[in-house]
Amino acid sequence: MDEDGGIRRTDGQNGAMTATRRMRELDRAEALRLVATVSLGRIVFTQQALPAVRPVNHLVEGEDIIVRIHDDGALASLVAPADVPGVVVAYEADAIDPVTHLGWSVVVTGYACPVTDADEAARFASLLRPWVGHPMTRALRIRPDLVTGFRLEAERTRSESAGLG
């Protein structure tokens, strides 16, 4: 709240009216295509029986999302034993303009399993740049089961719809 008891807006508009927006659901193919256009997302996983979230960089290969991990990091706990299909995770990526609030958001839910092929892991290591100086020794592959997403779009005005704007 500000000193006058009002709510302080984080978009700097101080109560100005924003354009009307509508939310359009994305199909699986469009959602995954959009995730591939950005390099940053958030992985949601379980750590000590509680939900945890970490920002990570990623790449998309086919429908799979690839992230790098290092041995002593929190994400190292996601490496499941070889006899299970992986560890259930969610992965979220988005691109939403902070002023107009237009953009998109996608959530992928699926199984994360380690990339075990050494050549494939080396290729991913060369494509994904680490944020910190830790050597990234392994990669995780997230195989999507459920892909949901939406796009926030400006609502067209009557004059635009009639071809006048």
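Trainee: How many salt bridges does a search of the whole structure find?

Mentor: A salt bridge is a side-chain nitrogen of Lys or Arg within 4 Å of a carboxyl oxygen of Asp or Glu. A search of the whole structure finds 12 of them. This is a predicted model, in which local features need pLDDT of at least 70 and side-chain atom pairs count only at pLDDT 80 or more, while totals for chains, interfaces and linings use all residues. Residues are numbered from 1 along each chain as its sequence is written, and side-chain values use heavy atoms, with hydrogens and water left out.

Trainee: Which residue forms a salt bridge with Arg22?

Mentor: The partner is Glu153, with the closest N and O atoms 2.7 Å apart. The pair links distant parts of the chain, 131 residues apart: Arg22 lies in strand β1 (residues 21–25) and Glu153 in strand β7 (residues 138–154). Helices (H or I, at least four residues) and strands (E, at least two) are DSSP runs, numbered from the N terminus.

Trainee: Is Glu153 buried or exposed?

Mentor: Buried means under 20% relative accessible area, exposed over 50%, and partly exposed in between (1.4 Å probe, protein chains only). Glu153 is buried at 18%, whereas Arg22 is partly exposed at 37%.

Trainee: Which residues are linked with Glu61 in a network of salt bridges?

Mentor: The network links Glu61 with Asp64, Glu120, Arg123, Arg141 and Arg143. Glu61 meets Arg123 at 2.7 Å, N to O, and Arg141 at 3.5 Å. Arg141 is buried, at 8% relative accessibility.
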